[in-house]
Amino acid sequence: MQLIDTLEQGLRELDALGLRRRRRTIDTPCDAHMQVDGRETIGFASNDYLGLAAHPQLVAALADGAQRYGAGSGGSHLLGGHSRAHAQLEEDLAEFAGGFVDNARALYFSTGYMANLAVVTALAGRGTTLFCDALNHASLIDGARLSRADVQIYPHADMEALSAMLEASGPGPKAIVTDTVFSMDGDVAPLGRLVELAERHEAWLIVDDAHGFGVLGPQGRGAVAEAALRSPYLVMVGTLGKAAGVAGAFVVAHTTVIEWLVQRARPYIFTTASAPAVAHAVSASLRLIAGDEGDARRAHLHRLIKRTRAMLKETCWLPVDSQTAVQPLVVGANDATLALQAALERDGLWVPAIRPPTVPEGTSRLRISLSAAHSQADLDRLGAALQRASAEVQEGAR
Ligand SMILES: Cc1ncc(COP(=O)(O)O)c(C=O)c1O
């Protein structure tokens, strides 16, 4: 079969380049300590930043939601699948995350990938100039491609370059699109400058707070709240399968923007609504995030972040200057990064290697993802293993 042979050849090429991905199977709930492929492991791979994914209150809320609303939604939001649980969650989200705009409203999506496709394609189309940060998440890149807008990519977080590109662009509609916390680097976009530029040039500013929501800002309201920004040009996407510990995503913006998405965003309209029980559990998660327990978890996470930054400086690799729960360690070559991942795995630690195309060529890295579920002892284990591996590399180089 020639078609199969072609794919097999492609897979062999991925192997040769050190780019083949392998899935691990987890037998236990997402937590700091898990059983992965049958082995006891400390995980630094999840985005469960507050350690809520296995929280008993969320497990109970999911079960309660299933009792009340059943297992499935039965339809798309516009055709019979929009339940009271979805409606309530949207009210909760608008209130919690919508402080940056008057008349805020929220729209709940099954995934962040869909939310990003939806918002970019609904607000930018043929004739729009779309300005995208070079390190944006794949879902924003795919949304930009799908939109058929004129896409212009500005160098990562470079506001001088973006300003010059906006000045040089014509009078037509414009939108700027960026991650808030960059998913593979952990740094935070210059949101204040971005709002200034958006307002000056009458451009939408679409921000994807997947890695900030729940972690940053007062009560975990996100990166926009942390920067204390307000603007009717801002459209915020947040995801609910990371710090919120459940699943799904949302867009918060001025009510007219949301109504436009309901009418026009194809990834919202043409898909079955997620199970209402999931939305019910997310509402419970918002209460945890906003309350004292959320504050305590964020405080613990920030102590872990500080400690990790100090720890990574002691290795022979290059830490990225990140103040968030995403702590990358750039190794460079794919094979060296995979070797480091394997060495840590032998020590019972799971820290995923991230390779192109997820990150630029030559910047393969370990992505250490911290969670409030980790203890100081877990970090000590990671620190000791990294020290050992670093010493071995330096020994080998002599
Ligand atoms: C920055 C960013 N945006 C969007 C997504 C997609 O969100 P979801 O996993 O809910 O589809 C992710 C990761 O999954 C992400 O890292």
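Predicted model: local features only at pLDDT ≥ 70, side-chain atom pairs only at ≥ 80, totals over all residues.

Reader: Thank you. With that in mind, what does H55 touch, not counting residues up to four places away in sequence?

Author: H55 touches L288, E293 and R297.

Reader: And where is H55 found?

Author: H55 sits in the loop between β2 (39-43) and α2. The side chain of H55 also reaches the backbone nitrogen of Q57, at 3.0 Å.

Reader: Is H55 buried or exposed?

Author: H55 counts as buried because its relative accessibility is 8%, and buried means under 20%.

Reader: Let us turn to helix packing. How is a pair of packed helices described?

Author: Two packed helices are described by the angle between their axes and the distance between the axes.

Reader: What are those values for α2 and α11?

Author: The axes of helix α2 (residues 56-69) and helix α11 (residues 276-290) come within 7 Å and cross at roughly 145 degrees. The crossing of α2 and α11 is right-handed.

Reader: Which residues make the contact?

Author: From α2, the contact is made by Q57, L58, A61, L62, D64, G65, A66, R68 and Y69. From α11, the residues are P276, A277, V278, H280, A281, A284, S285 and L288.

Reader: How do the residues of the contact divide into nonpolar, polar and charged?

Author: The contact of α2 with α11 has 11 nonpolar, four polar and two charged residues.

Reader: With what is A279 in contact, leaving aside its neighbours within four places in sequence?

Author: A279 is in contact with A85, H86, L89 and Y108. As for distance, A279 and G248 are 31 residues apart in sequence and 8.1 Å apart in space, C-alpha to C-alpha.

Reader: Now the ligand. How many residues surround the ligand, and which are the closest?

Author: There are 13 residues surrounding the ligand, and the closest are G112, Y113, D208, H211 and K242.

Reader: Which atoms of G112 and Y113 are involved?

Author: For G112, a backbone N or O atom lies 2.7 Å from an oxygen atom of the ligand. For Y113, a backbone N or O atom lies 2.9 Å from an oxygen atom of the ligand.

Reader: And what of H137?

Author: With H137, a polar side-chain atom lies 3.5 Å from an oxygen atom of the ligand.

Reader: D208 was in your list of closest residues. Which residue touches D208?

Author: T180 does, and T180 also touches D187, V188, A189, L191, V207, D209 and A223, not counting residues up to four places away in sequence. The side chain of T180 makes a polar contact with the side chain of D209, at 2.5 Å.

Reader: Where is T180 found, and is it buried or exposed?

Author: T180 is in the loop between β6 (174-179) and α7 (191-200). T180 is buried because its relative accessible area is 0%.

Reader: How does L135 stand, by accessible area?

Author: L135 is partly exposed, since its relative accessible area is 26%. L135 is found in the loop between β4 (129-133) and α5.

Reader: What does L135 touch, not counting residues up to four places away in sequence?

Author: L135 touches H156, D179, F182, D185 and P360. The C-alpha atoms of L135 and H156 are separated by 6.0 Å, and the two residues are 21 residues apart along the chain.

Reader: Which residues have a positive phi here?

Author: N103 and R148 are among them. Phi of N103 is near 55 degrees, and phi of R148 is near 65 degrees. N103 lies in the loop between α3 (84-97) and β3 (104-109), while R148 lies in the loop between α5 (138-147) and β5 (150-154).

Reader: Are they buried or exposed?

Author: N103 counts as exposed because its relative accessibility is 52%. R148 counts as exposed because its relative accessibility is 55%.

Reader: And which peptide bond is cis?

Author: The peptide bond from P356 to P357 is cis, with omega near 5 degrees. P357 lies in the loop between β13 (353-354) and β14 (364-369).

Conventions. Residues numbered from 1 in each chain as written. Heavy atoms only, no water. Axes fitted to C-alpha atoms, helices over the stretch in contact; angles between N-to-C directions. Helix = DSSP H or I, 4+ residues; strand = E, 2+ residues; numbered from the N terminus. Left-handed = near helix turned anticlockwise from the far one by under 90°. Contact = heavy atoms within 4.5 Å. Nonpolar A, V, L, I, M, F, W, Y, C, P; charged D, E, K, R; others polar. Buried < 20%, exposed > 50% of the residue type's maximum accessible area, 1.4 Å probe, protein only. Near = heavy atom within 4 Å. Polar contact = N/O pair within 3.5 Å; in protein donor to acceptor, adjacent residues only side chain to side chain.
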